[in-house]
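Colleague: I would like to go through this model with you, one feature at a time. For each feature, please give me the general idea and then the case here.

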Amino acid sequence: MKYKVTVGLAARLTMISLVMFVIMSCVGFYSANRSLGTVISHEMDEQVRLAARVTATVAAESFPDLTFKIDDAGDVVNAVWDKIPDFTSHEMVDEARKLAGTEFSVLRWDPARNDFFRVTTSIHDDAGKRYDGSALGLDHPARGPILEGKPYIGRAYLFGEWYSV
């Protein structure tokens, strides 16, 4: 014996409405998620730009021979420091970190290593030892832009953690 199930017009419309609701909810969630990601990314970029301006200002106050400009986008550009000193104190990077809320390193080019290295930094390991003297790294995403004299804003994986740089 066969049974035939019939679905009335009201039930069909309800099922179509339910399917449309699920589809629209998924589209809305996807769109909102993308928008939120864009907003967060923009906010992070602005925070990094602000941190760069603060740290450049702190460094220039400590070392008047450091010069820089800020372009229309708010990026620190044309930073020139003819002779980066050897640091006996980490006070400048610690002050910049405190004011900007971000880590700060001073890099110097070493032709023997064919790389930049940290002359001073506010970045510490778990035991509290600073990463002074550590190389920037040939695979660091900021290396290319720095060598071209351009700013880099993005993320970098340093010493086992992600940083916005």
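Colleague: Where in the chain is the place of Ser122?

Modeller: Keep in mind that this is a predicted model. Ser122 sits in the loop between β4 and α3.

Colleague: Is Ser122 buried or exposed?

Modeller: The reading rests on relative accessible area, where buried means under 20% and exposed means over 50%. Ser122 has a relative accessible area of 1%, so it is buried.

Colleague: Which residues does Ser122 touch, leaving out those up to four places away in sequence?

Modeller: They are Val93, Asp94, Arg97, Thr102, Glu103, Phe104 and Arg130. With Glu103 there is also a polar contact, side chain to side chain, at 2.7 Å.

Colleague: Now Asp75. Is Asp75 buried or exposed?

Modeller: Asp75 counts as buried because its relative accessibility is 12%. The residue lies in the loop between β1 (67-70) and β2. Not counting residues up to four places away in sequence, Asp75 touches Arg49, Lys69, Ile70, Pro151 and Ile153.

Colleague: How many residues apart in sequence are Ser164 and Gly154?

Modeller: They are 10 residues apart in sequence, and their C-alpha atoms are 5.7 Å apart in space.

Colleague: What is phi of Phe159?

Modeller: Phi of Phe159 is near 50°, again a positive value in a residue other than glycine. Phe159 is in the loop between β5 (155-158) and β6. Its relative accessibility is 32%, so Phe159 counts as partly exposed.

Colleague: Let us step back to the whole chain. In what order do its elements run?

Modeller: Start from the N terminus and read along: α-β-β-α-β-β-α-β-β. That comes to 3 helices and 6 strands.

Colleague: How much of the chain is made up of buried residues?

Modeller: Of the 165 residues, 25% are buried. The accessible surface is about 11600 Å², and carbon and sulfur atoms account for 59% of that surface. As for contacts, take those between residues at least 6 apart in sequence: 36% of them join residues at least 24 apart.

Colleague: Last, the largest pocket. How many residues line it?

Modeller: A pocket is read through its volume and its lining. The largest pocket holds about 1500 Å³ of space and is lined by 47 residues. Ala52, Phe104, Ser105, Leu107 and Ile146 lie nearest its centre. By class, the lining has 31 nonpolar, 10 polar and 6 charged residues.

Colleague: Which element gives the most to that lining?

Modeller: That is α1, with 9 residues. Elements that each supply at least two residues of the lining include α1 (9-62), β2 (76-80), α2 (91-100) and β3 (105-110).

Note on methods
Residues are numbered from 1 along each chain as its sequence is written. This is a predicted model: local features need pLDDT of at least 70, side-chain atom pairs count only at pLDDT 80 or more; totals for chains, interfaces and linings use all residues. Side-chain values use heavy atoms; hydrogens and water are left out. On a 1 Å grid over the protein atoms alone, a cavity is a set of points where a 1.4 Å probe fits but cannot get out, and a pocket is an open set with protein on both sides within 12 Å along at least five of seven lines; lining residues have an atom within 4 Å of a point. Grid points are joined across faces, edges and corners, and a volume is the space filled by probe spheres set on the points. Helices (H or I, at least four residues) and strands (E, at least two) are DSSP runs, numbered from the N terminus. Ala, Val, Leu, Ile, Met, Phe, Trp, Tyr, Cys and Pro count as nonpolar, Asp, Glu, Lys and Arg as charged, and the others, Gly among them, as polar. Buried means under 20% relative accessible area, exposed over 50%, partly exposed in between (1.4 Å probe, protein chains only). Contact means heavy atoms within 4.5 Å. Accessible areas come from the Shrake-Rupley method with a 1.4 Å probe; for residues, only the protein chains shown count as cover. A polar contact is a pair of N or O atoms within 3.5 Å; within protein, one must be able to donate a hydrogen and the other to accept it, and residues adjacent in sequence count only if both atoms are side-chain atoms.
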